[in-house]
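Subject: Structure handover

Dear colleague,

Here is the structure I said I would pass on. Please look through it with the notes below beside you.

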Amino acid sequence: MDSLALFFTGALLAGGIYWFVCVLGPAEQKGKRAVDLSGGSISAENVQDNYDKYWSFFRRPKEIETTEKVPDFVDTFYNLVTDIYEWGWGQSFHFSPSIPGKSHGEATRLHEEMAVDLINVKPGDRILDVGCGVGGPMRAIAAHSRAKVVGITINDYQVNRARTHNKKAGLDSLCEVVQGNFLEMPFPENSFDGAYSIEATCHAPKLEEVYAEIFRVLKPGSLYVSYEWVTTDKYKDSDPEHVEVIQGIERGDALPGLRNYTDIAETARKVGFEVVKEKDLAKPPSQPWWTRLKMGRIAYWRNHIVVTVLSALGIAPKGTVDVHEMLFKTADYLTRGGDSGIFTPMHMILCRKPEKKTETATNS
């Protein structure tokens with residue numbers, strides 16, 4: 001009888017592990033399982049060391065303000081978090097307003113499609129995804145618009161993930177991924193019919209630098225739309241709680257410093273853009289974007305158990321538990337930022353690169 005009870009206990013435990021890891025493993029998208037969690041391009045034995053180095057950036061805040069330091073800082077961050085994001089969140093590393101009656105995935109897709117609708121591209125146009133990640137938005141936008149999308153990401157591991165997903169989705173003829181720094185893009189002037197960035201340019205040490213690069217590669221008359229992470233008019237730098245929340249978001253999301261919403265249009269105009277429209281897409285009547293974070297708390301604890309077990313067994317790299325815990329703490333800061341209204345991840349700005357002025361000859 002004891003052996004039978006032991007057998008059933010073992011079977012129940014094995015079944016539970018299988019359910020956690022294999023069935024619930026890829027929480028939102030097929031393609032990344034819990035047992036495949038890695039440190040991106042960082043070797044497994046160096047994940048913990050790189051996590052420690054990531055946090056060291058914040059002990060030297062003046063250094064990460066320089067353009068030279070930030071790319072490595074952001075690249076390290078995405079090596080550490082890409083697999084965990086994809087496993088627990090999906091292939092689109094951004095937020096979207098909640099839509100009653102629609103899933104998170106559907107709301108995300110509609111948010112992405114709106115971006116490409118705003119820039120008025122046609123099938124066959126060549127457009128730029130600035131900071132494409134593993135390409136979730138790229139694929140949704142290519143399928144919706146039939147435009148040819150070129151994405152750029154600084155992280156080599158994300159390039160490989162995006163290309164794999166593009167091929168699986170049958171969209172590799174429309175989607176191209178390039179490894180590079182969006183502050184120095186490897187594209188000629190006037191080569192894109194439109195561009196968008198979805199919660200990506202917040203990683204730039206100076207917004208002016210990335211906006212200037214986008215301006216350079218766009219054809220005259222083309223449109224660019226960005227969803228920006230900013231502090232709102234409710235943020236008070238004299239309020240210690242506000243400061244704590246914003247600094248928590250910065251530390252947990254590899255941000256050299258969040259900008260205020262008033263800086264965005266000013267910067268766009270400074271590099272030569274015409275500002276067509278500006279709006280915080282998180283404001284009512286939009287439903288809160290942070291409810292997904294609140295609802296995900298149970299999933300977090302489930303995932304944290306899985307990560308802890310896999311790390312203890314040596315399947316997940318040492319340091320993965322620390323990274324996962326960091327992301328959970330960051331989710332709390334993001335939720336507090338959304339609840340209080342001092343932060344928005346979707347301050348939308350729509351810009352146009354002016355048409356070239358034609359010189360007219362005058363009779364002498």
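This is a predicted model: local features need pLDDT of at least 70, side-chain atom pairs count only at pLDDT 80 or more; totals for chains, interfaces and linings use all residues.

The chain has twelve helices and eight strands. Of its 364 residues, 51% are buried. Among contacts with a separation of 6 or more, 79% are between residues 24 or more positions apart.

Buried elements

Strand β8 covers residues 343–352, and nine of its ten residues are buried, so the rest of the structure largely encloses it. β8 runs antiparallel to β5 (residues 218–231), with eight bridges joining the two. Within that pairing, Leu223 has Arg352 of β8 as its bridge partner. β8 is also antiparallel to β7 (residues 274–280), here with six bridges. In this case Lys279 stands opposite Met348 of β8.

The buried residues are Gly136, Pro137, Met138, Arg139, Ala140, Ile141, Ala142 and Ser145. Their cover includes the helices α4 (104–118) and α6 (156–168), along with the strands β1 (126–130), β2 (148–153), β3 (175–179) and β4 (192–198).

In helix α7 (residues 207–217), the buried residues are Leu207, Val210, Tyr211, Glu213, Ile214, Phe215 and Val217. They pack against β1, β4, β5, β6 (259–260), α9 (262–270) and β8.

Leu327 touches Val81, Ile84, Tyr85 and Gly252, leaving aside residues up to four places away in sequence. Gly252 is 75 residues from Leu327 along the chain, yet their C-alpha atoms are separated by 6.4 Å.

A helix pair

Two packed helices are described by the angle between their axes and the distance between the axes. For α3 and α6, the axes come within 9 Å and cross at roughly 35°. On the α3 side the contact consists of Asp75, Tyr78, Asn79, Thr82, Asp83 and Glu86, which meet Asp156, Tyr157, Gln158, Arg161 and His165 of α6. By class, this contact has two nonpolar, four polar and five charged residues.

Cavities

How many cavities of 30 Å³ or more are there? The count comes to three.

The largest cavity holds about 370 Å³ of space. It is lined by 27 residues, and those nearest its centre are Tyr78, Gly131, Cys132, Ala200 and His203. Tyr78 is also among the α3 residues that meet α6. Helix α3 (70–88) and the strands β2 and β4 each supply at least two lining residues. With four residues, α3 gives the most to this lining. The lining of the largest cavity divides into 15 nonpolar, ten polar and two charged residues.

The second largest cavity holds about 60 Å³. Its lining is made up of Trp89, Phe95, Ser96, Ser98, His104, Ala107, Trp289, Thr291 and Arg292. The elements that give two or more residues to this lining are α4 and α10 (291–295). By class, the lining of the second largest cavity has four nonpolar, four polar and one charged.

Backbone details

Most residues other than glycine have a negative phi, and most peptide bonds are trans. The following entries depart from that pattern.

Asn120 is not a glycine but has a positive phi of about 55°. Asn120 sits in the loop between α4 and β1. At 57% relative accessibility, Asn120 counts as exposed.

Arg146 also has a positive phi, of about 60°, without being a glycine. Arg146 follows α5 and lies in the loop between α5 and β2. With a relative accessible area of 43%, Arg146 is partly exposed.

The peptide bond from Pro284 to Pro285 is cis, with omega near 15°. Pro285 is in the loop between β7 and α10.

Regards

Notes
Residues are numbered from 1 along each chain as its sequence is written. Side-chain values use heavy atoms; hydrogens and water are left out. Buried means under 20% relative accessible area, exposed over 50%, partly exposed in between (1.4 Å probe, protein chains only). Two strands pair if DSSP finds at least two bridges between them. Contact means heavy atoms within 4.5 Å. On a 1 Å grid over the protein atoms alone, a cavity is a set of points where a 1.4 Å probe fits but cannot get out, and a pocket is an open set with protein on both sides within 12 Å along at least five of seven lines; lining residues have an atom within 4 Å of a point. Grid points are joined across faces, edges and corners, and a volume is the space filled by probe spheres set on the points. Ala, Val, Leu, Ile, Met, Phe, Trp, Tyr, Cys and Pro count as nonpolar, Asp, Glu, Lys and Arg as charged, and the others, Gly among them, as polar. Axes are lines fitted to C-alpha atoms, for helices over the stretch in contact, and angles run from 0 to 180 degrees between N-to-C directions.
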